[in-house]
Amino acid sequence: MRSTTTLIALLLSCQSCQVVFAGENAETVERFIAAFNQHNVDVMLELSAVDMRWMSVSGEQISIETSTHAELREAMGGYFESTPSARAEVRSIGESGSFVITLEEAFWSSGGAEKSQCSMAVYELLEQKIQNVWYFPAHQCP
């Protein structure tokens with residue numbers, strides 16, 4: 001529970017981020033999101049640890065979506081196949097030690113119209129590789 005509290009504190013400190021400030025870890029996350037936008041799973045894997053965990057946070061629950069390169073490849077391949085218009089934009093980014101905090105806006109087409117939603121995320125990097133990422137519930141963008 002303590003780690004969830006720490007993550008929430010990091011997110012709260014970034015909610016009002018207006019200036020993008022980036023170090024090496026933030027640059028890695030930006031490259032990861034750029035690879036996502038290109039639907040380039042191979043580059044996404046290059047930027048992540050072999051045992052990277054992609055998690056969703058909802059209230060007190062944390063669900064592990066993927067925890068290996070094979071699982072990430074399968075999840076992203078399926079997602080890009082089902083949502084070929086998927087892309088994301090970093091609206092704000094901050095870096096604190098090995099953590100990178102983002103507000104990301106996701107875009108996709110549905111029924112001929114573009115849709116979007118925002119989500120806060122916390123990435124943890126070790127040796128320039130994404131080790132963990134926690135995605136928080138999607139919401140309407142501010």
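The protein contains 4 helices and 6 strands. These elements are DSSP runs numbered from the N terminus, with helices (H or I) of at least four residues and strands (E) of at least two. Along the sequence they follow the pattern α-α-α-β-β-α-β-β-β-β.

The model is predicted: local features need pLDDT of at least 70, side-chain atom pairs count only at pLDDT 80 or more, and totals for chains, interfaces and linings use all residues. Residues are numbered from 1 along each chain as its sequence is written, and side-chain values use heavy atoms, with hydrogens and water left out.

Of the 142 residues, 40% count as buried. Buried means under 20% relative accessible area, exposed means over 50%, and partly exposed lies in between (1.4 Å probe, protein chains only). The accessible surface comes to about 7,800 Å². Carbon and sulfur atoms account for 50% of this surface. Areas were computed by the Shrake-Rupley method with a 1.4 Å probe; for residues, only the protein chains shown count as cover. Contacts (heavy atoms within 4.5 Å) were also counted by sequence separation. Among those between residues at least 6 apart in sequence, 49% join residues at least 24 apart.

Helix H4 spans residues 69-82 and has 14 residues. From first C-alpha to last, H4 reaches 20 Å, close to the 20 Å expected at 1.5 Å a residue. The expected span is 1.5 Å times one less than the number of residues. Leu72, Met76 and Phe80 are the buried residues of H4. They lie on the same side of H4 because they cover an arc of only 50° around the axis. The arc is that of the directions from the helix axis to the C-beta atoms. An α-helix has 3.6 residues a turn, so residues three or four places apart point the same way. On the other side of H4, the exposed residues are Ala70, Glu74, Glu81 and Ser82. The buried residues of H4 pack against helices H2 (24-37) and H3 (41-46) and against strands E1 (48-58) and E2 (61-66).

Strand pairing requires at least two DSSP bridges between two strands. Strands E3 (residues 87-96) and E4 (residues 99-110) run antiparallel and are joined by 9 bridges. Arg87 has Phe107 of E4 as its bridge partner. E3 and E4 form a hairpin with 2 residues between them. In its turn, Gly97 has a positive phi of about 60°.

E4 also pairs with strand E5 (residues 113-126), antiparallel, through 12 bridges. Here Phe99 is partnered by Glu124 of E5. The hairpin of E4 and E5 has 2 residues between the strands, and Gly111 takes a positive phi near 60°.
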